[in-house]
Amino acid sequence: VKLQILNLAVKLYLSNPQQTSKLFKYIMDLSKTDINFDVRDRARLIRALFFKKKNQSTLDAAMENARAQTKTIMKRCFLWAKPVPE
């Protein structure tokens with residue numbers, strides 16, 4: 001259930017970041033200290049993609065380009081249109 005909540009938070013953040021940024025940050029903070037290592041690892045991956053580190057404000061252009069491409073791929077993965085069941 002926790003992974004599903006984490007996935008839902010990512011989907012909401014990708015579809016409407018202005019309204020759901022506080023919820024997304026709260027769920028990311030909770031999952032950072034979760035007992036389940038799958039939840040912690042997924043949260044660590046998502047946190048690395050969506051949040052910049054405070055001490056790395058000057059990333060080179062190649063790194064920013066790679067981060068933008070990864071975000072695009074994450075959007076495609078999480079917001080993929082699923083076929084309607086028959």
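**Entry 1: Asp 34**

I looked up Asp 34 and found it in the loop between α2 and α3. The model is a predicted one, and I read the entries below with that in mind. I next followed the side chain of Asp 34, which reaches the backbone nitrogen of Asn 36 at 2.9 Å. Beyond residues up to four places away in sequence, I listed Lys 2, Val 39 and Arg 40 as touching Asp 34.

**Entry 2: the largest nonpolar core**

I turned to the largest nonpolar core, which holds 14 residues. Which of these touch the most other members? I noted Leu 6, Val 10, Phe 24, Met 28, Ile 46 and Phe 50. Two or more residues each are given to this core by α1, α2 (17-32), α3 (37-50) and α4 (61-78). The largest share, five residues, comes from α1. I recalled that nonpolar side chains tend to be buried together in soluble globular proteins.

I examined Phe 24 separately. With neighbours within four places in sequence set aside, Phe 24 is in contact with Ala 9, Val 10, Tyr 13, Ile 46, Phe 50 and Phe 51.

I located Leu 8 in helix α1 (residues 2-15). Leu 8 has a relative accessible area of 49% and is therefore partly exposed, since the exposed class requires over 50%.

Conventions:
Residues are numbered from 1 along each chain as its sequence is written. This is a predicted model: local features need pLDDT of at least 70, side-chain atom pairs count only at pLDDT 80 or more; totals for chains, interfaces and linings use all residues. Side-chain values use heavy atoms; hydrogens and water are left out. Helices (H or I, at least four residues) and strands (E, at least two) are DSSP runs, numbered from the N terminus. Buried means under 20% relative accessible area, exposed over 50%, partly exposed in between (1.4 Å probe, protein chains only). A nonpolar core is a set of buried Ala, Val, Leu, Ile, Met, Phe, Trp, Tyr and Cys residues joined through side-chain atoms within 4.5 Å. Contact means heavy atoms within 4.5 Å. A polar contact is a pair of N or O atoms within 3.5 Å; within protein, one must be able to donate a hydrogen and the other to accept it, and residues adjacent in sequence count only if both atoms are side-chain atoms.
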